[in-house]
Amino acid sequence: MYPMTNSFRLSVPGALALGAFLTLGLAACDSDSTSVETLDVTVEVLFPEAYAVEAAQGARVVLRSLERGDEETATTDAAGTARFQDVIPGAYDLSAAISLDEDRTFELTGNRATVELNAVLSGQNLASGTSGAAFSLQLTGSPVGGWVISEMYYTGSRTPAGGNYFFDQFFEIYNNSTDTLYAGGLMLAPIFGVSGQINPSSQPTPFQDDQDHVYADAIWRIPGGPTDVPVAPGEGLIIAQQGLDHRDDPNGNPNSPVNLGGADFEMYVDVPDSRDIDNPQVPNMEIVHRRFGFFALVPVFGPSMVLVEGDPSTFQEVAVPDAPETFPPVIRIPVANVLDGVEALQNAQSSGFKRLPVALDAGFTFAGGTYTAESVRRRVARTIGDRVVLQDTNNSSNDFEVLSTPSIAAP
Ligand SMILES: [Ca+2]
Ligand SMILES: [Ca+2]
């Protein structure tokens with residue numbers, strides 16, 4: 001199991017080798033100046049903090065001598081510990097590595113992925129005269145999991161007089177990964193196309209055959225760059241159409257289920273003739289692209305929404321086929337730039353109106369109707385410690401459930 005002894009014999013130069021071996025073999029504690037006192041080294045290997053288990057069983061640990069270049073290898077046991085015996089004092093690099101298959105990663109993180117984790121501790125001095133040394137290595141790797149759209153509240157609410165109210169729409173994006181992610185520069189894009197047979201002339205989007213792109217009505221960007229807007233694992237950001245307390249605001253609706261005055265961002269339509277409301281307390285999303293409208297309204301029948309990364313100047317404007325010349329173009333975004341997408345359609349019969357490519361969302365979700373104050377929310381895959389991992393099989397029919405009131409609604 002531990003071939004240290006062999007390596008030790010080979011690595012000790014010249015005539016000393018046999019004598020040293022005999023000395024150790026017969027009396028390891030002999031203080032004779034010609035002998036080499038060896039020591040035992042224990043290495044504890046830990047998974048990254050957000051993982052379900054601390055001790056990393058099955059990690060390959062390497063102890064590499066800086067003087068001689070030779071390596072010893074051991075595998076961690078169920079306690080995450082690897083042991084090296086009879087190690088010659090000197091300077092060493094320690095490293096640990098483990099490959100996790102999809103099933104094991106799912107057990108440990110709640111997300112399915114193959115993962116490589118590593119840890120390195122360089123230039124450690126194993127001093128002679130000590131009985132042993134112990135080290136602890138914490139593995140790191142790329143975040144497992146990523147951003148998802150966790151909730152969409154798009155149905156709107158009824159006013160006390162029975163009117164339609166749709167300014168209280170919001171979207172939540174969520175860090176479904178094992179590490180802090182940065183939201184600066186991420187873009188939220190509602191997709192062009194009707195949500196179902198809303199009237200007899202409703203037609204599905206003409207872009208259905210293109211499975212490599214999505215076609216956006218608008219692109220809203222979170223301000224900042226790739227190191228701005230940190231979001232911890234298991235935390236989300238609320239992006240409101242209007243960042244108001246819709247229940248109390250004089251422009252609001254007392255029947256609205258949500259107070260969005262504490263939203264992280266709002267989609268203020270900043271145009272000269274704007275009728276939108278800019279709450280100075282809520283930072284505005286940046287408008288990258290917008291086709292029309294006084295408000296950042298998405299269809300109350302069901303929007304398709306995608307979360308996008310990358311450089312939007314590479315996205316092209318595209319005319320809508322058979323539309324009048326004055327019809328504003330949509331913007332074409334490669335599927336490769338889409339981090340997550342959710343298709344919400346009018347009802348169970350609306351599958352023919354799908355707007356998102358199957359690779360992004362193989363199904364769709366739908367609410368009970370318009371102005372019902374319902375939201376659609378991603379189901380929980382599992383909980384690891386305090387962290388909720390949301391289900392993302394890229395099929396909203398399975399991954400989403402309808403809530404009778406948004407998850408952030410006051411009780
Ligand atoms: Ca604002
Ligand atoms: Ca997804």
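A residue is called buried when its relative accessible area is under 20%, and exposed when that area is over 50%. The model is predicted.

Q: Why does Asn 279 count as buried?
A: Its relative accessibility is 14%. The cut-off for buried is under 20%, so Asn 279 counts as buried.

Q: What makes Glu 266 count as buried or exposed?
A: Glu 266 has 0% relative accessibility. Because buried means under 20%, Glu 266 counts as buried.

Q: How do you know which residues coordinate the calcium ion (ligand 1)?
A: A donor atom must lie within 3.2 Å of Ca. Glu 266 (OE), Asp 278 (OD), Asn 279 (O), Val 282 (O) and Asn 284 (OD1) lie at 2.2 to 2.4 Å, so they are donors under that cut-off. Their spacing in sequence is E-x11-D-N-x2-V-x1-N.

Q: Where in the chain are Glu 266 and Asn 279?
A: Glu 266 is in strand S18 (residues 265–266), while Asn 279 is in the loop between S18 and strand S19 (286–290). The two are 13 residues apart.

Q: What makes a set of residues a nonpolar core?
A: The members are buried residues such as Phe and Leu, joined through side-chain atoms within 4.5 Å. The largest such core here has 30 residues, and Phe 47, Phe 84 and Leu 139 have the most contacts inside it. Strand S5 gives the largest share, 5 residues.

Q: Which other core lies apart from it?
A: Another core, of 29 residues, includes Tyr 154, Met 267, Leu 307 and Val 342.

Technical notes. Residues numbered from 1 in each chain as written. Chains lettered and ligands numbered in written order. Predicted model: local features only at pLDDT ≥ 70, side-chain atom pairs only at ≥ 80, totals over all residues. Heavy atoms only, no water. Buried < 20%, exposed > 50% of the residue type's maximum accessible area, 1.4 Å probe, protein only. Helix = DSSP H or I, 4+ residues; strand = E, 2+ residues; numbered from the N terminus. Donors = N, O, S within 2.8 Å, 3.2 Å for Na, K, Ca; no water.
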